[in-house]
Amino acid sequence: MALTKEQMLEAYGLMMRIRRFEEKCAELYAAGDIGGFLHLYIGEEAVATAAKYALREDDNIITAYRDHGVALSRGLPMNEVMAEMLGKSTGTSKGKGGSMHLADINRHFWGGWAIVGGHLPLAAGIALADQYQDRDSVTMALMGDGATNIGYFHEALNLAAVWKLPVIWVVENNQYGMGTAVTRASAVGDLAKKAEAYGMPCCVQVDGMDLLAMYETFVEGIEYVRSGEGSFLVEAMTYRYRGHSMGDPERYRPVHEVEAKKADDPIARWAAHLLEQGLAEKADLEKLDEAADQAVLDAVEFARNSPFPEPEELYTNVYV
Amino acid sequence: MSMSSAVEADATTGESEMKTFREAISEALWEEMERDEKIFIMGEEVGVWGGTYAVTRGFYDHFGEKRVRDTPISEMAIVGAATGAAMNGLRPIAEIMTINFAFLALDAIVNAAAKAHYMFGGQFTVPLVIRTTTGGGRQLGATHSHAPEPIFAHFPGLYVIAPSTPADAKGLLKAAIRNDNPVLFVEHSTLYQTRGEVPVGDYVIPLGKSDVKRVGSDVTIVSYAKMVDISLQAADKLAKEGISAEVVDLRSLRPLDTGPVLESFKKTNRCVVVEENWALYGVGAEVAARIQEEAFDWMDAPIKRVSQADVPLPYSRDLEQSALPNPDKVVMAVKEIL
């Protein structure tokens, strides 16, 4: 199941779209157009992008509050995602969710959830529903490194192991849970060991800045999960260039660490790979760069021109 | 005990049988599971053990382990996974052994189940029933005896149902299972052995409707679950002294149907709320607020509350009993405002 040449190029374009979208969100947040919390995915694009190509369209994906990258990679229209950022009625959650609560049930994207670890048993349950109804879909649950310390993680993994639920757990280890380094928060530095406690196979510390490594790992994990053997855990070593959320003073890491990581940028690495392997010309990539820029401009225009929710919307959707 | 008006409005064969509250719950579950394959039960000891209150005895053998799922002791995962399964097309009935353990699942109930529909603009629905037991009086100590269901009734997005009779238990549970919203279904553990006429067959009571359990003219006693029985006993005692009490059973704490309460209050002009929860921020506080907002001109006396003493429940029998509402306390409260 190797990526086709078209997919490889498309993947570059997708990562660039996510990057440019996030940069624009930072601008709009500073300008006061986006409110609340804003958690950017810049630096982690390869993980969600690899997931897109490794999963089938009828597979499920669910994540935490750093969810823009997953939403865009899953194919949610950028216009609607941007509209949600601006709290517009055309947003993916009709303006009721915001940055942390994007979702698209038709694309099997079960949402961004904002209580750390709270979505992990949901993933188990989503997978249970497929198993119960003899469907062979798998569920991918992404989480940050910080989530591996919370009770939800352990209860969800244990239940998934006991019931052999088709879940691929993905720890996006960006090395800080808010401002606390993994080494200061987790008793074991090697987070995948926590999967071993539940007899669950895992892939330890995969290079999350390497799209191909992530893709191949996901393909392997998903194949295992789809075979009915149970869950699988992947730890993706990644890094966020921006703070935990906007307004993070970043006292917990030195500037040179961030700069060093930027030199290992997943998009630049992928571009270099495509060029070296003769899979793309520079002009091809530039075209995709421009398309990403244009998509973001279009999305902002769409979002700005969209109406805010009607006052009556306050009371809709509380109950079915 | 006078018969619930809703019992007369059944869409069943018209027959009824004397059953315990436990049997009524069990029958509702059984019939619903026979009706719809997507309904399944998950929780601690629901399967091989047959349920810690024997409600699901025989279910495991009949429906099999796929549909009667024993879980680890893992409340966060029970409610969280049931919520996910509900979002993805199933109709889970998750059992939490006592509502006191539901605190462990509070986040899953409140932040996931109750908010999933709203937070994503209506994309997800959570047709989930969380069955749990509540209530004191059995010397189970401070961590297994409380009746904190009003806490859960605080949150929009949830239904909180608490039946008082076997017939209501059957009809309301069936409605809860068929509802597309998350429902916390609270069963008072000292009611399981109580008996009453239960309609045979497909008996469903709409959720969110209060019910007059006894008609009277001098005072309105509002209560729910086990406290309805306490209130009816008090009404019997009052009747012997020539005082006519009307007893309204809320049956549902959320949504709260104040219609029958207000209607009764406009007739009696006096109200006592009997609640097993603590008074502070409790059901009585809410009912009193609604009455003064909507029936101020009919108010002839302060609204009284008979509640659990404001302490964690002790073990020692008499001490525990002294902390709980009883018929005499209700009689006293009524006399204070007559």
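**Note on a predicted two-chain model**

1. In helix 12 of chain A, the buried residues are A:Leu288, A:Ala292, A:Ala295, A:Val296, A:Ala299, A:Val300 and A:Ala303. An α-helix has 3.6 residues a turn, so residues three or four places apart point the same way. The buried residues of helix 12 pack against helix 1 and helix 4 (78–85) of chain A. The length of helix 12 of chain A, residues 282–305, also fits expectation: at 1.5 Å a residue its 24 residues should span 34 Å, and the end C-alpha atoms are 35 Å apart, which agrees.

2. The structure is a predicted model, and its confidence values should be read alongside every point of this note. The scores are ipTM 0.97 and pTM 0.96. For chain B the mean pLDDT is 95, with 97% of the residues at 70 or more.

3. Just after the helix, A:Asp134 takes a positive phi of about 55 degrees.

4. The largest nonpolar core holds 210 residues, and A:Ala124 and B:Ala176 touch the most other members of it. Helix 1 of chain A, residues 5–30, gives the largest share of this core, with 10 residues. Leaving out residues up to four places away in sequence, A:Ala124 touches A:Ala156, A:Leu159, A:Ala160, A:Leu165 and A:Val167 in chain A, together with B:Ala77, B:Ala81 and B:Gly84 in chain B.

5. The interface may be described from the side of chain B. There, 33 residues of chain B are in contact with 33 residues of chain A. The elements of chain B that give two or more residues to this side are helix 4 (75–87), helix 5 (106–113) and helix 6 (116–119). Which element provides the largest share? That share, 9 residues, comes from helix 4 of chain B. By type, the residues on this side of chain B divide into 15 nonpolar, 15 polar and 3 charged.

6. As to overall form, chain B contains 13 helices and 14 strands. A compact globule of 338 residues would have a radius of gyration near 20 Å, and the 19 Å of chain B agrees with this. Along the principal axes, the C-alpha atoms of chain B fill a box of roughly 55 × 45 × 45 Å. Buried residues account for 57% of the 338 residues in chain B. Of the contacts in chain B between residues at least 6 apart in sequence, 79% join residues at least 24 apart.

7. B:Val200 and B:Ser16 are 184 residues apart in sequence, yet their C-alpha atoms are 5.1 Å apart in space. Setting aside neighbours within four places in sequence, B:Val200 is in contact with B:Thr12, B:Thr13, B:Glu15, B:Ser16 and B:Glu17. B:Val200 counts as partly exposed, because it has 16 C-beta neighbours inside 10 Å.

8. The peptide bond from B:Arg254 to B:Pro255 is cis, with omega near -5 degrees. B:Pro255 is in the loop between strand 12 (252–254) and helix 10 (259–268) of chain B.

9. Two further residues, neither of them glycine, have positive phi: A:Gln205, near 40 degrees, and B:Tyr281, about 60 degrees. A:Gln205 is found in strand 7 of chain A, residues 202–207, and counts as partly exposed because it has 16 C-beta neighbours inside 10 Å. B:Tyr281 is in the loop between strand 13 (271–278) and helix 11 (283–294) of chain B. With 12 C-beta neighbours inside 10 Å, B:Tyr281 counts as exposed.

Terms used
Residues are numbered from 1 along each chain as its sequence is written. Chains are lettered from A and ligands numbered from 1 in the order in which they are written. This is a predicted model: local features need pLDDT of at least 70, side-chain atom pairs count only at pLDDT 80 or more; totals for chains, interfaces and linings use all residues. pLDDT is the predictor's confidence in each residue, from 0 to 100. Helices (H or I, at least four residues) and strands (E, at least two) are DSSP runs, numbered from the N terminus. A residue is buried if 20 or more other C-beta atoms lie within 10 Å of its own, exposed if 12 or fewer, and partly exposed in between; C-beta atoms are placed from the backbone. Two residues are in contact if their C-beta atoms, placed from the backbone, lie within 7 Å. The radius of gyration is taken over C-alpha atoms; the globule rule is 2.2 Å times the number of residues to the power 0.38. A nonpolar core is a set of buried Ala, Val, Leu, Ile, Met, Phe, Trp, Tyr and Cys residues joined through C-beta atoms within 7 Å. Ala, Val, Leu, Ile, Met, Phe, Trp, Tyr, Cys and Pro count as nonpolar, Asp, Glu, Lys and Arg as charged, and the others, Gly among them, as polar. The expected span of a helix is 1.5 Å times one less than its number of residues.
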